[in-house]
Amino acid sequence: MLLLLSWLTRWVQEHHDRRLVGCATCLCGCYGCGGGLMTATSLRTGRDDATDGDAVQFGVLGPLQMSIGGALVPLGTPKQRAVLAVLIVNANRPVDIDVLIGAAWNQRPPAGARATLHAYISNLRRLMSSAGIDRALLASAPPGYRLAIGQDQYDLGRFRAQKDAGLHAAAAAEFEQAGRQTAEALAQWRGPFLEDLRDFQFVETLATAFDEEKVVAHTAHVEAEIACGRPHAVIMELETLIAEHPYREPLWAQLITAYYLADRQSDALDAYLRLKTRLAEDLGIDPGAKLRELYEQVLRQEPVDVRKAAQAHAEDTIVSSVAVEGNATAIRRPVAAALRGADGQRYALTGTATRIGRNSDNDIVLSDVKVSRHHAVVTASGTAVVITDLGSVNGVRVRGQRIDPSAELFDGDRIRIGDQEFTLEAT
């Protein structure tokens, strides 16, 4: 009798749970879904009141991770992990099956790749189900699959949210808040992007793009700290960043300013001379006009308005990173995208990422002295096309404005790299 009662109790609970989470093959309109996009918290099997601590968490800013209540979940083979990584990076957007296949097989898929991909998806769904997450979290969404998770359930989402909030706070001259939020953004990084999947080509290229976003967060954090009167606290951070990005003049300007405001004028002047020597020896150019002006201010011991500069830079960063409003041709579906040169030559954007630069190892090689060795990368998720400046000397211009560091591309957009102009074609 006790065994029968126990079985009946489990049966009732299971059927009650199924009513709460609804259909396992769609993301909306079923029972507890309420007609909206369901995320991992709402899809937790048997729980409609799951707390943040219990919800599934994903991570790509470091080794790939999936955890439930802080416990890591094994994710299977490297290719299966690569598929999940692409879905996380494109959270809540459909990812084309061909994009997933290209990422997992480095653009050289075998004959049975499509069937194997479906097996990987099934395996991932089983892993989630065994961890207490409804299989509908990873749903079919033509022309591929979509991972439905909240912004606070993966580190990349939290990083971007805090970074953007910090930039807006700085633009409003709320520098204490900006410092806290940009610090929280940077705290999301556990190591290099997808450190355990570096053998996949898409990881290397995306890592470069996300590292650019990280530099933006570092820059905003440093400016906020300096504006709050704490220049001593960021000098070592800036020296480390400059060692990784030796041609970034804005970073050098911040370092010079930090030394100067920390009553280390000689170190500030020395930093300028270090940059001048580096640029002359490596690139044959001089520091820009803004840096030369800052050098003269330090030399004459004139005051530097760091709050105004930080506010203006945050405003410029926000403007350059926002896509043009009202453009109805945004790439939100699988497309055949290409760059069309002014001479009529067509450069197909194939695979997850297309590298552009002067070196022969780029996908699009431009023999232009104004083009850096590795100038830019265009990433295609299957639903959006984004171009990222890879720290080039002369920058990338989209719709007439220099990007910092990325911009989403729309059909018909004009892109200038060096003296080369391209038009994005999407069909």
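Tutor: The place to begin is P143, which sits in the loop between β5 and β6. The model is a predicted one, and what follows is computed from it. P142 and P143 are joined by a cis peptide bond, with omega at about 10°. As a general point, most peptide bonds are trans.

β5 and β6 (residues 144-147) run antiparallel and share four bridges. One of the bridge pairs can be named: L138 has L147 in β6 as its partner. The two strands belong to an open, antiparallel sheet of three strands, in the order β4-β6-β5. Its edges are β4 (95-96) and β5 (138-141), each of which pairs on one side only. In general, strands of a sheet are held to each other through backbone hydrogen bonds.

N92, in the loop between α2 and β4, has a phi near 70°, a positive value in a residue that is not glycine. N92 is partly exposed, with 27% relative accessibility. The general rule is that most residues other than glycine have a negative phi.

A second residue of this kind is Q301, which has a positive phi of about 60° and is not a glycine either. Q301 belongs to the loop between α11 (289-299) and α12 (306-321). With a relative accessible area of 55%, Q301 counts as exposed, because exposed means over 50%. R300 and E302 form a salt bridge with an N to O distance of 2.6 Å. R300 is partly exposed at 48%, and E302 is partly exposed at 27%.

Salt bridges are the next topic. The structure holds 21 of them. One joins D98 to R114, with the closest N and O atoms 2.8 Å apart. This pair links distant parts of the chain, since D98 is in helix α3 (residues 97-104) and R114 is in helix α4 (residues 113-130), 16 residues apart. D98 is partly exposed at 47% relative accessibility, and R114 is partly exposed at 41%.

A further salt bridge is between D155 and R190, at 3.3 Å from N to O. It too links distant parts of the chain: D155 lies in helix α5 (residues 155-171), while R190 lies in the loop between α6 (175-186) and α7 (201-227), 35 residues apart. D155 has 2% relative accessibility and is therefore buried, the cut-off being under 20%. R190, at 36%, is partly exposed. There is also a salt-bridge network, made of E176, E225 and R230.

Towards the end of the chain comes an open antiparallel sheet of six strands, ordered β8-β7-β17-β16-β13-β14. Its edge strands are β8 (346-348) and β14 (401-402), each pairing on one side only. Within this sheet, β7 (residues 337-341) and β17 (residues 420-426) pair antiparallel over five bridges. The bridge partner of G341 in β17 is F422.

V393 is partly exposed at 36% relative accessible area. With L283 and I285, V393 makes a nonpolar surface patch of about 190 Å².

For the chain as a whole, there are twelve helices and 17 strands. Of the 427 residues, 48% are buried. Among contacts with a separation of 6 or more, 57% are between residues 24 or more positions apart. The accessible surface is about 20,100 Å², and 51% of it belongs to carbon and sulfur atoms.

Conventions:
Residues numbered from 1 in each chain as written. Predicted model: local features only at pLDDT ≥ 70, side-chain atom pairs only at ≥ 80, totals over all residues. Heavy atoms only, no water. Patch = residues over 30% accessible without salt bridge, like charges linked within 9 Å, V, L, I, M, F, W, Y side chains within 5 Å. Areas by Shrake-Rupley, 256 points an atom, 1.4 Å probe, with all protein chains shown as cover. Salt bridge = Lys/Arg side-chain N within 4 Å of Asp/Glu carboxyl O. Buried < 20%, exposed > 50% of the residue type's maximum accessible area, 1.4 Å probe, protein only. Contact = heavy atoms within 4.5 Å. Pairing = 2+ DSSP bridges.
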